[in-house]
Amino acid sequence: MSGRNEISVSVVLPAYNEASRLENAVGEVVKALDAAGYNYEVIIAEDGSTDGTAEIAAKLADGNRIRHLHSDERLGRGKALMRAFEAARGSIVAYLDVDLSTDLKHLKELIDAIAIEGYDIAIGSRLAKGSRAERPVKRDVASKGYNFLVRFLLGSKIKDHQCGFKAFRRDIVLSLGKRAKDTHWFWDTEVLVLAQQEGLRIKEIPVEWRHGGATKVRFWKDIVYMFRQILRMRFG
């Protein structure tokens with residue numbers, strides 16, 4: 001824990017065209033962080049939205065506990081997250097998907113893994129023993145296939161690289177993120193593989209996860225893109 005006025009945890013909500021979900025997400029995350037007992041800030045990393053998300057984020061921002069980072073153009077998830085982490089005031093940074101697919105009851109455990117247990121990185125996992133995930137069969141098969149390829153071709157020991165529920169020591173993720181070449185969906189995987197190559201301590205936490213409905217992932221196009229990124233990292 002940190003001093004009364006010092007921010008210890010910065011939670012980033014990456015938001016691209018999330019007008020229908022953003023306000024509820026911010027409210028629920030604030031409740032979960034209040035219950036966790038850490039001094040915190042919430043950063044809305046609003047990434048070139050065109051549906052009114054920017055205006056909603058600006059209204060939610062209070063200039064202190066809730067902040068809004070706007071980009072006029074789409075940066076991609078990885079680049080938007082890195083921009084937010086650079087601006088963060090907490091020594092621990094985390095990010096959560098705005099659809100809140102991962103049950104927020106796991107948020108304190110995620111932060112505690114770093115703040116109390118001393119891990120460098122903590123990640124939610126839909127594939128670890130003890131997890132419970134509800135999602136369409138097509139996406140479940142694709143996810144398991146993807147994670148198998150990452151383990152097989154890139155030597156990762158992690159079961160789930162893509163769950164949008166992760167926390168890092170800020171200094172660690174800034175260092176790793178600057179080395180990562182991808183700036184969008186593969187960013188998570190690349191950072192986690194680089195972290196393992198450096199021998200950093202990563203805790204994989206089984207979570208309860210429910211498919212959040214609409215997604216920004218374009219199924220077949222993004223499968224091809226992710227596969228190419230795995231090959232780039234393996235052979236490039």
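Analyst: Contact means heavy atoms within 4.5 Å. By that rule, and leaving out residues up to four places away in sequence, Arg126 touches Ser131, Ala133, Arg135, Ser143, Asp160, Gln162, Cys163, Val207 and Trp209. The structure is a predicted model, in which local features need pLDDT of at least 70 and side-chain atom pairs count only at pLDDT 80 or more, while totals for chains, interfaces and linings use all residues. Residues are numbered from 1 along each chain as its sequence is written, and side-chain values use heavy atoms, with hydrogens and water left out.

User: Why is Arg126 called buried?

Analyst: Arg126 has a relative accessible area of 11%. Buried means under 20%, exposed over 50% and partly exposed in between, for a 1.4 Å probe and protein chains only, so Arg126 is classed as buried. Arg126 sits in the loop between S5 and strand S6 (132–134); strands are DSSP E runs of at least two residues, helices are H or I runs of at least four, and both are numbered from the N terminus.

User: What makes the pairing of Arg126 with Asp160 a polar contact?

Analyst: The two side chains approach to 2.7 Å. A polar contact is a pair of N or O atoms within 3.5 Å; within protein, one must be able to donate a hydrogen and the other to accept it, and residues adjacent in sequence count only if both atoms are side-chain atoms. The Arg126–Asp160 pair is therefore counted as one.

User: Which class of accessibility does Ser156 fall into, and what does its side chain meet?

Analyst: At 5% relative accessibility, Ser156 is buried. Ser156 belongs to the loop between H5 and strand S7 (165–169). Its side chain makes a polar contact with the side chain of His161 at 2.7 Å, and a polar atom of the Ser156 side chain lies 3.1 Å from the backbone nitrogen of Ile158. Beyond four places in sequence, Ser156 touches Val150, Arg151, His161, Val193 and Gln196.

User: What makes the group around Trp187 a nonpolar core?

Analyst: A nonpolar core is a set of buried Ala, Val, Leu, Ile, Met, Phe, Trp, Tyr and Cys residues joined through side-chain atoms within 4.5 Å. The largest such core has 38 residues, and Trp187 is among the members that touch the most others, as are Val12, Phe85, Ile121, Phe168, Leu176 and Phe186. Helix H7 (187–197) is one of the elements that each supply at least two residues, and H7 gives the most, with 6. A second, separate core of 37 residues includes Leu13, Ala15, Ala57 and Trp209. In soluble globular proteins, nonpolar side chains tend to be buried together.
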